[in-house]
Amino acid sequence: MTRLCILLSVILFSVYQTEQAYFLEKDYIDQINAQATTWKAGINFDPKTTKEAILQLLGSKGVELAKKTKLSEFKTHDEAYDNLCHRIPSKFDARKKWKHCRTIGKVRDQGNCGSCWALSSSSAFADRLCIATEGEFNELLSAEELTFCCHRCGFGCHGGYPIKAWEYFRRHGLVTGGDYQSDEGCQPYRVAPCPIDEYGNNTCSGQPMERNHRCTRTCYGNQDLDFQDDHRFTRDAYYLTYGTIQKDVLAYGPIEASFEVYDDFLSYKSGNVNRGVNYVILCL
């Protein structure tokens with residue numbers, strides 16, 4: 001009986017591993033475009049990409065953790081909010097507000113690794129550091145160190161918790177680090193990017209997930225930098241409420257946000273997404 005159960009588990013796991021991502025098929029994308037009125041869908045991945053390969057890229061575990069967090073741990077007020085005169089503009093673009101910060105608006109490529117949680121939080125930290133120093137600090141921070149050295153934050157390429165990343169910034173700090181093969185900063189990102197080919201497909205489709213890197217505690221990018229001295233720290237780490245998100249952005253700059261991904265979102269091309277009624281959340 002035990003052997004039968006093990007065999008059945010292996011068979012079911014094998015089926016799951018190779019299950020095709022139905023939501024990447026052309027018919028499904030056509031269905032989205034027939035219903036959507038505010039955005040357009042298109043091909044971003046090879047339709048033969050497995051569902052498991054897509055799920056592995058959805059690395060942020062921020063939504064599930066936030067749901068379990070007490071309301072008392074959410075930031076509800078800040079003295080800096082008082083200077084806003086309670087006025088929230090109808091339009092706001094951080095790229096225009098803080099033009100001197102070259103990191104704001106930069107889209108980073110996580111590669112074939114579920115490290116979106118690390119790239120987004122380290123990028124928001126870099127943006128805020130530039131704003132706080134009025135441009136004295138104006139470079140990227142290391143998603144490499146955060147992904148593979150913060151073991152309390154999560155599981156590297158297999159996902160992580162953004163709030164724990166901010167706690168890492170406060171407690172341990174983070175070194176500088178640019179994009180793949182850039183040699184910028186102390187520890188540039190070492191996961192190869194996944195550029196889109198001429199047919200609109202993600203070039204990492206069908207490739208194995210990046211293995212977690214060994215944590216390195218030296219500067220291999222700009223080797224003139226000292227690893228310990230290059231760390232930057234944040235003052236605090238917190239969640240925001242619906243009522244404080246806009247105020248915090250106006251006062252301090254870009255934030256990191258996690259959201260539940262529905263199966264239609266993987267085909268997003270342009271516009272403002274409004275969730276349809278027939279789509280489901282993707283989850284492991």
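A salt bridge is a side-chain nitrogen of Lys or Arg within 4 Å of a carboxyl oxygen of Asp or Glu, and the structure described here holds 11 salt bridges. This is a predicted model, in which local features need pLDDT of at least 70 and side-chain atom pairs count only at pLDDT 80 or more, while totals for chains, interfaces and linings use all residues. Residues are numbered from 1 along each chain as its sequence is written, and side-chain values use heavy atoms, with hydrogens and water left out.

**Confidence**

- The protein averages a pLDDT of 89, and 92% of the residues score at least 70, where pLDDT is the predictor's confidence in each residue, from 0 to 100.
- Confidence is lowest in helix α1 (residues 2-17), with a mean of 41, and highest in helix α8 (residues 143-149), at 98; helices (H or I, at least four residues) and strands (E, at least two) are DSSP runs, numbered from the N terminus.
- Over residues 1-17 pLDDT stays under 50, and for this stretch the model has 5 contacts beyond four places in sequence, a contact meaning heavy atoms within 4.5 Å.
- Where pLDDT is low, the predicted coordinates should not be read in detail.

**Salt bridges**

- K106 forms a salt bridge with D179, with 2.9 Å between the closest N and O atoms.
- This pair links distant parts of the chain, 73 residues apart, since K106 lies in the loop between α6 (94-97) and α7 (116-132) and D179 in the loop between α9 (162-171) and β3 (239-240).
- K106 is partly exposed, with a relative accessible area of 38%, and D179 is also partly exposed, at 25%; here buried means under 20% relative accessible area, exposed over 50%, and partly exposed in between (1.4 Å probe, protein chains only).
- R128 forms a salt bridge with D248, the closest N and O atoms being 2.6 Å apart, and this pair joins helix α7, which holds R128, to helix α10 (residues 245-252), which holds D248, across 120 residues.
- R128 counts as buried at 15% relative accessibility, and D248 is buried with a relative accessible area of 0%.
- K75, D78, R128 and D248 are linked in a network of salt bridges.
- The side chains of R235 and D236 also meet in a salt bridge, at 3.8 Å from N to O; R235 is exposed, with a relative accessible area of 63%, whereas D236 is partly exposed, at 29%.

**Pockets**

- On a 1 Å grid over the protein atoms alone, a pocket is an open set of points where a 1.4 Å probe fits, with protein on both sides within 12 Å along at least five of seven lines, and lining residues have an atom within 4 Å of a point.
- The largest pocket has a volume of about 2,100 Å³, and of the 45 residues that line this pocket, Q110, C116, F259, V261 and F265 are the closest to its centre.
- The largest share of the lining of the largest pocket, 6 residues, comes from α7.
- The second largest pocket has a volume of about 1,100 Å³, and among its 34 lining residues Y238, Y239, L240, I255 and E256 lie nearest its centre.
- Helix α7 gives the largest share of the lining of the second largest pocket as well, with 5 residues.
- A volume is the space filled by probe spheres set on the grid points, which are joined across faces, edges and corners.
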